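Please open the model in a viewer and keep the sequence panel at hand.

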Amino acid sequence: MRRYRLGIDVGGTFTDFVLASTDGGEFAFHKEPSVPADPSRAVEAGTRTLIEQLAIAPGDIELVVHGTTLALNAIIRQRGAKVALVVSRGNRDVMEIARSRMPNSYDFTAPRETPLIPRESVYEVSARGLSDGSVLTPMDAGEVAAVAERIAADGHDAVAVMLLNSYRDGTLEREVAATLAAGLGDMPVVASADIWPEMREYERALVTALNAYVHPLMAAYFDRLSERLAKLGLTAPLYITANNGGTVSLETARARPVDTILSGPASGVLAATRVAGHSDLITFDMGGTSTDISVSRGGELAFTHATMIGDYPLMLPVVSVSAIGSGGGSVVWCDPQGLLKVGPDSAGADPGPVAYGRGGTRPTMTDCYLTLGILDPASFNDGKMRLDAEAAAAALGTVAGEMALDGPVAAAEAAMRVATAKMATELRKLMAEKGLDPRGFVLVAYGGAGPTHAGFLAEEARLDAVLVPRLPGTFCALGAILADVRRDYVRPARQMIDRAGKGFERIRALLTDAEAEARAWVAREGAIIGAHELRLTCDMRYPAQAFELAIAVPDADVATLDPATLVDLFNDEHERLYGFREAASDVEITNLRLAVVGKVSPIALAGADRTAPPEPKGARRVYLAGAWHEVPVYARAALGEGAAITGPALVEQPDSTVTVLPGWAGRVDPRGNLILRRSHP
Amino acid sequence: MKLDPVLLEILGTQLQAVTEEMAITLARTARSTYVKDAADFATALVSPAGKFFAYPAAMGVSGFLDLDCGPTIAAIGTLEPGDVVITNHPYESGGLSTHMPDLQLVKPYFHQGEIVAYGWDFIHSADIGGGVPSSISPRFTELFQEGLQIPPMKLVKKGELNADLLTLYRANCRVAELNLGDINAMLAALTVGERRVAELIARHGRDTFAAAQADLVAYAKEKALAVQRKIPDGTYVFADYMDDDYLTKVPIRIRVAMTVKDGHVHLDFTGSDAQVLAAYNVPTGGVRHPWLTLKLMHLIGSLDPSVPLNHGLFENITVFVPKGTVLNPEYPAAVGVRHATAIRINDAVVGAIATALPGLIPAPSGGTVVPTVVSEPNHVTGTRNVMVVQSLVGGTGARQGADGVDGRDSGLANLYNTPLERTEAECSVVIEEYGLRPDSGGPGEWRGGTGLIMTIRVRNPGTAVLGRGLERFVFRPWGVAGGGPGAPCRVILNMGEPGERDLGKLDMYEAEVGDRVTILTAGGGGFGDPFARAPQAVARDVRAGFVSLENARLVYGVALVDGAVDEAQTQRLRAARPARPPFDFGPERDAWERVFDDAAMCELSARLLRLPASTRARARSDIVGRIVPGLADVAKRGLVALVDHPQEQRERLAAEIAALPDA
């Protein structure tokens, strides 16, 4: 009997589904309009549709993996819970002062962030620790009980506790949290040491408060979701995609929703590394409202510990993704001095591009694709939404008139050049930050507009290859069922060590502790997990150096870990980056970072059938590279393994349109990916 | 403009990206704290004439956009491919470098044997020698104390590092190896810029590259003019003060007369004080300079955020700065702490703009940056551990339609603060409080941002707490359009305990174990009549603790009962609304100017400029000292008490001025 896995990704406009048999024999996908008022309704409807489409029994589904932007949207729109923050006395303004920076050095009208928790909801207690883990002032139980009463009386929904220096030892903070919880009935109370015990009180308070902020909302959503899936007869365990490109059980997600806030983009990047095989990739995810890129090397995800969620810094490890534009909805306009601009305003999903006919009046990139002939008004979104080409052209004509360009096509072409140049410079800067040369990297295009624009970006950025996966429009849902279970841990160390082993006992003790916690967690995380492995990264520096290097330790076996190896790894990396080493110097380990990865047995990815040489399903006039071309239009479904096409050409598929530029050629690989390569010098 | 607007937009994006890639390269490969943590560096592409035509949007220091490499390039004479020029000399570089830790590099970019542009970058290096580690102290009185002077010279000749220069540099600098790492990072950034410029020329052609420089500058100039046209025509005079010149208690006055005609702005700094002995002088070279025009740049960037970043933004501005003043000192006046003076220049220019049209620009911020330092003995090694506990700022000023920002100020540098947990991990003090200071924001219809309060408890014997160059203890951040001034700074020992004592301007305090040192920074100025503030906004401030119940009533005329506005009582309190002045400077400045008014001080400045540069500062402090004999005790007695018989003091001042050589 075939077993199936169901991936679900809830976005603002659509909820995407991928249903795949584990043997690679069957594969189906679906897009269901999202229901913002109750996103689980779209999940139920879409799941039912797919089950019916493949005519399987709900019980044949062995695993459901789900991702959602619900928590992220709640944060961006400030619609989370009313959270009380409890801090050590003297630290009341941790949210008000934040890291003291203003968002813009040139613009005095740019406001600072709205504090996640207003000053009135911050409560001080005398309990206070020191940086060596000792207690400066112990808890006053009566005082804490009184605070609990005030928190309840002031109508809060959840509580975050962050005491100074609790990263070093969380005992005092947990004591305060427990005492508060005892006085607050069902109200969730969370201690920062349990969420992410890393030094830096603002960031740690924030990550704890964010967890509390989305907790009630996500708990309620997960309940509804489970209920609806059970109603459909699904018995499979439900997993939730995480920020780190992995997944966690529903149980863990319920306790730690902050780990899932940024899972959507992470799933997309994970999917890219899995479908493209082991190579150096730049992902290019262009949707209606955002354009994101990320870099991964050798099939490994790249992480960052400094992400912004709206105005808030997130110190958790997150798959590193950079926003470089506002997507197909980016507005094309002309400034008073007559220069053509694309963005930063976006028409978003609503009203959306002029061509959507939903009241949008400002032309967007999508209107440009349409006006240039790249998109077909009749077949957009699988023919479910007819585009208004005349309205799009008229709006672009207005912009053309403002800057004496020769009509809508000229304006659209100019906007393409401006937008593409901007994306290419952002891509180049991102590579420079990592010290990488983009040559040799493959651009993986997904999202509705990614495959449409990727060729232009590759041409401008001098990349030689573009990979368009089979289902670029539901790529994040696919990523969900390809991921392993994963959770990250941090242990602040601030420990000097040397090659001979000075200071290493403490490092080993910290690691042993972290390892025990990680293994205990993964053991409880469910039966889908086979083997598991640990990955260790050490943040290291020379004494008094202003910054750290993250040193990945290849074999993270605590028992055999050797201080000399660790110090050598750091010295080598320092020399590689900065040209010298201080071989005689002690080395400080500031943080130990441990990840546990629970392997989920991989599914076979269905390839594309071999087919006869492809026949275009039609042709249309497209304005490319400064001239009109009569180009063949292929259906993606008709392109089997080995199929080859020559640009200029278009490939239409239900969820996107692929542009193959003049001087480029496409070929379908055994995994079903369409690979475009530059065929001109 | 010569280029088509689409190509110009694309080139604008690409050229800025080149400078950003340079900045990324520099930040990624540099090692020192100034670069890594404080982002005290910058990069740019420079026209053959020496001005910046492309600059990063948000990397490094934003304020150096209008620097001029012209004098540095001219000083060298012939440049060849592969050369790189270095300088840190405030005078020889014509103000490219404004204090000596700032190392400046300029590299010519050639195309077919001709210089088509230069690359530029700078870093604030950790040390350049001189009298103290890190090379900066307000008490220095000559450039010679501030470190190694490097006039424009070739660091690299045709690709070869100048080994002699580096040997000299190593011998004069405390952390030479660290700095050489940063210099390598700067060189790497210049090479990236060179490569990218060559690529752009290969792609677009040399002529287009040259035309883009001119067009982008013209474009910025046009946008900037559109913003400056919002300032009504006329001449607007404004002055502001630094509390003292560090070596004496005599205030430093910065005066500007801003003349606006159809968007063209002329800033005349005549009447500003003569150069001072302490390291507060700003070496502008007497030309249009970033330290003089920063607030106009902020105005333009705020009202038109799309303006491209290049020197065109400043091309509708001219300046005049008399030689020998604190804003155009004569060699070898010390300049290390010029940024403290720059804050007050900003405030003076803000005042001139606010005089022209209140509401165009926010009221002044807290106006001080206090790098609070702890120096403690390490009883094991016998050395001293010195670390910056926190850089404290005040709040920002209020503006029409918005309160100031509490406890932050991006006016001069937009830095991250230091987490308390990091401070406590690296030294023995406990930070008992780090928060917003209640009742410190200038009252107004729109409230000024509050200052900060920080309390340090000392736990290690032999610990000293340092805060050098503290400001806004005497002269407050003023209120605009009926708004009140922010509360002035204070430093208090053992606040709220028996033996509480005002430490005045901290400088250096040798603490006992158990001492608590509390630093309170100034709030930003308020905007508009406090009696016009929405009572609900006042209630909210009281609820959050930004304003006390007492001040809600006294200053804002709002009565609260159990946190809710008592409408009837509030109406009664607000019935008699006193007239408010257009600027509220606080009692100290009002009293001071009853003696030292604008006319007298302009005359005094003009006459002091007739004296030899080396004697001006002394002459000025002697004169003021004779008019206000108790000035040295200002911290204890307060300024108002010292100028208590203004009529007589004015007459004596007039006599002193008359005795100076005629201007």
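A residue is called buried if 20 or more other C-beta atoms lie within 10 Å of its own, exposed if 12 or fewer, and partly exposed in between, with C-beta atoms placed from the backbone. Helices (H or I, at least four residues) and strands (E, at least two) are DSSP runs, numbered from the N terminus. This is a predicted model, in which local features need pLDDT of at least 70 and side-chain atom pairs count only at pLDDT 80 or more, while totals for chains, interfaces and linings use all residues. Residues are numbered from 1 along each chain as its sequence is written, and chains are lettered from A and ligands numbered from 1 in the order in which they are written.

**First stop: a covered strand in chain B**

Select residues 41-46 of chain B, which form strand S1; 6 of its 6 residues are buried. B:Phe41, B:Thr43 and B:Leu45 point one way from S1(B), whereas B:Ala42, B:Ala44 and B:Val46 point the other way. In a regular strand the side chains alternate between the two faces of the sheet.

The bridge partner of B:Val46 in S2(B) is B:Phe52. The hairpin of S1(B) and S2(B) has 5 residues between the strands, and B:Gly50 takes a positive phi near 105° there.

**Second stop: the parallel sheet of chain A**

Which order do the strands take in the open sheet of 4 strands in chain A? The order is S6-S5-S9-S10, with parallel pairing. Strand S6 (122-125) and strand S10 (189-191) of chain A stand at the edges with a single partner strand each, so one side of each is left without a neighbour in the sheet. From one strand to the next, the twist averages 20°.

Select residues 83-88 and 158-162 of chain A to show S5(A) and S9(A), which run parallel and are joined by 5 bridges. A:Ala84 stands opposite A:Val159 in S9(A).

Now display helix H4 (residues 141-153) of chain A, which packs on the sheet and touches S5, S6 and S9 of chain A. The direction of H4(A) makes about 170° with that of S6(A); axes are lines fitted to C-alpha atoms, for helices over the stretch in contact, and angles run from 0 to 180 degrees between N-to-C directions. H7(A) lies across S5, S9 and S10 of chain A, running at about 165° to S9(A).

Centre on A:Leu443: beyond its neighbours within four places in sequence, its contacts include A:Ile282, A:Phe284 and A:Leu467. Two residues are in contact if their C-beta atoms, placed from the backbone, lie within 7 Å.

For the interface, show both chains: 51 residues of chain A are in contact with 54 residues of chain B. Helix H3 (94-97), helix H7 (201-231), strand S21 (340-346) and helix H12 (407-433) of chain A each supply at least two residues of the side of chain A that touches chain B. The largest share of that side, 10 residues, comes from H12(A).

**Last stop: backbone details**

Most residues other than glycine have a negative phi, and most peptide bonds are trans. In strand S21 of chain A, find A:Pro344; the peptide bond from A:Gly343 to A:Pro344 is cis, with omega near 0°. Another cis peptide bond joins B:Tyr331 and B:Pro332, with omega about 5°. B:Pro332 is in the loop between strand S11 (317-320) and helix H8 (338-356) of chain B.

Finally, select B:Asp439, in the loop between strand S14 (430-436) and strand S15 (452-457) of chain B. Its phi is positive, near 55°, and B:Asp439 is partly exposed, with 18 other C-beta atoms within 10 Å. B:Asp562, with a positive phi near 50°, is exposed, with 5 other C-beta atoms within 10 Å.

Technical notes:
Two strands pair if DSSP finds at least two bridges between them.
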